[in-house]
Amino acid sequence: MASHTGIRMPQPGVGQFVSVRGRLWMVEAQPDGPFDGHRLACIDDDASGEDARILWSAEVDARLHDEEAWATLGTEGGAGGGDAATFSAYLRTVRWRTATAAERDLFQAPFRAGIRLDPYQLLPLRKALRLPRVNLLIADDVGLGKTVEAGLVLRELLLRRRVDYTVVLAPAAMTGQWRDELQSKFGLAFEIVDARHLERLRRRRGYGANPWAAGSRFILSHRLLGDENYVAGLRDVLEDFRARSLLILDEAHHAAPAGNGRYAIESQFTRALRDLSDRFEHRLFLSATPHNGHPNSFATLLELLDPQRFTRGVQVRPADLEPVMVRRLKSDLRALGERFPERVVEPVMLADLPDDTPELVLAAMLADYRALRETRIAALPPAQAARARLAFVGLQQRLLSSVAAFARTLRVHLAGLDRAIAGVAAATAAIDPPDAPDTIAEEDAALDRLAQRDAARAEAAAIDGAAGALPASLPPNATGCWRCWPVPMPPGPPPMRGCAGCSTGRRRICSTAKAAGATGG
């Protein structure tokens with residue numbers, strides 16, 4: 001056959017390598033007839049195993065690779081070039097391409113990535129290759145490039161054929177960033193498994209199609225990890241254990257229990273992760289803050305990473321931690337000559353402010369409110385008192401941010417108290433989590449309902465200090481609103497407008513107070 005240039009090209013045979021459409025392929029079958037084409041299998045790293053059938057004569061820039069180039073090796077125009085420097089570069093290229101799993105210090109991934117590589121980013125890769133199973137915790141400081149370090153490990157394991165199935169778990173806001181960075185910096189295409197992906201897949205392959213069996217690289221958000229509609233198919237693909245599989249967990253500290261007890265209660269996310277992590281051969285955890293101050297919580301996180309090396313409730317020894325953890329701060333790298341901008345905090349002193357400065361007035365009023373709440377929640381059980389104090393912390397944080405932010409949060413706080421006293425919060429907090437959606441609109445509505453349920457629970461905790469510790473008996477003339485009740489009042493009818501105690505205009509008293517004998521203001 002003749003090409004577009006009029007030069008007759010030799011036909012490739014079965015088993016030969018050809019360059020077509022910018023990729024390297026191996027010929028698997030010859031044409032069955034004059035109008036049939038060669039069947040090819042791609043051997044490039046980012047599209048390994050893809051099939052194609054081509055008409056050799058119709059392809060533009062199709063080239064046949066001659067692997068038997070020893071006859072021209074070292075000659076002018078031959079393989080390897082004719083001079084010693086070019087031939088040396090050729091030999092190094094051959095060595096990089098033929099690296100095996102036994103050569104742990106010979107890296108390929110840095111030369112297959114479109115990144116500006118810093119030397120310190122090679123340490124996680126070096127540690128990963130020295131582990132029989134890549135169970136590694138990358139706990140570098142914020143801004144040191146943990147995503148790049150994880151991408152290098154993933155790319156190297158793919159090149160060495162140690163991984164063929166990868167799942168990335170990341171916060172919902174970070175899933176798009178993970179997909180873009182892995183695609184642009186490492187040439188790896190990942191699918192985000194969400195309602196949109198399921199909808200597209202079901203349109204193409206039917207309602208019963210398993211999304212986890214339709215590829216080998218996926219990204220799933222933390223929020224959906226506990227949803228059976230998304231995770232059941234992943235368990236079917238992984239079965240009890242899948243060899244050559246890799247789990248990358250971003251923001252891994254979310255999986256650590258918050259308590260300090262020896263058997264701290266695990267969250268739903270931790271339980272779901274524990275069920276899945278053991279099914280992967282390799283695990284890569286990323287977190288800038290892996291330790292929350294509780295040793296048992298940190299040990300639980302390490303147990304999820306490597307259950308053969310760590311056990312919850314058992315003290316973590318530095319000798320066991322060193323092979324599986326990389327932890328560098330920016331101050332450490334500055335000492336080694338790396339250039340990072342150093343944050344300088346300069347205090348700005350505000351002196352001689354008038355007493356009627358809005359920020360000072362608000363701070364004083366908030367302090368009085370806190371003292372009132374502390375008095376009211378003193379009789380609560382420790383767990384309820386802790387929830388009430390936690391809700392108050394949000395008000396303090398907002399006041400330190402700005403007056404406008406504090407005003408928005410205060411409005412939400414007051415609205416939550418109103419609904420809780422009316423009995424709405426208790427009913428809303430009992431809402432069960434919605435079923436997994438099938439469409440994008442349903443997913444958005446489900447997320448709204450989940451947010452509404454979480455807000456209702458927070459509001460219920462916020463009123464623990466206001467309605468959870470009412471006195472058992474009241475004086476006969478006690479009256480007032482839910483803000484300042486009980487307030488002693490002189491005998492006689494209540495005022496026509498507002499509360500006698502705070503004049504807020506809210507003439508309402510909660511049902512508990514009414515049952516105790518208070519008169520509404």
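In what order do the 7 strands of the open sheet run, and with what pairing? In this predicted model, in which local features need pLDDT of at least 70, side-chain atom pairs count only at pLDDT 80 or more, and totals for chains, interfaces and linings use all residues, the order is 8-9-7-10-11-6-12 and the pairing is parallel. Residues are numbered from 1 along each chain as its sequence is written, and side-chain values use heavy atoms, with hydrogens and water left out.

Strands (E, at least two residues) and helices (H or I, at least four) are DSSP runs numbered from the N terminus, and two strands pair if DSSP finds at least two bridges between them. Strand 8 (191-192) and strand 12 (325-326) stand at the edges of the sheet with a single partner strand each, so one side of each is left without a neighbour. Strand 12 runs parallel to strand 6 (residues 135-138), to which 2 bridges join it; Ile-138 has Val-326 as its bridge partner.

With contact taken as heavy atoms within 4.5 Å, and residues up to four places away in sequence not counted, Trp-212 touches Tyr-165, Val-167, Val-193, Phe-218, Leu-220, Tyr-230, Gly-233, Leu-234 and Val-237.

Tyr-165, Trp-212 and Phe-218 form one aromatic cluster. Rings of Phe, Tyr and Trp (its six-membered ring) pair if their centres lie within 6.5 Å, and planes under 30 degrees apart count as stacked, over 60 as edge-to-face and the rest as tilted. The structure holds 3 such pairs; in one of them, the ring centres of Tyr-165 and Phe-218 are 5.9 Å apart and the planes lie at 50 degrees, so the pair is tilted. This pair links distant parts of the chain, with Tyr-165 in strand 7 and Phe-218 in strand 9, 53 residues apart.

In helix 6, the buried residues (under 20% relative accessible area, with exposed meaning over 50% and partly exposed in between, for a 1.4 Å probe and protein chains only) are Tyr-230, Val-231, Gly-233, Leu-234, Arg-235, Val-237 and Leu-238. Just after this helix, Glu-239 takes a positive phi of about 55 degrees.
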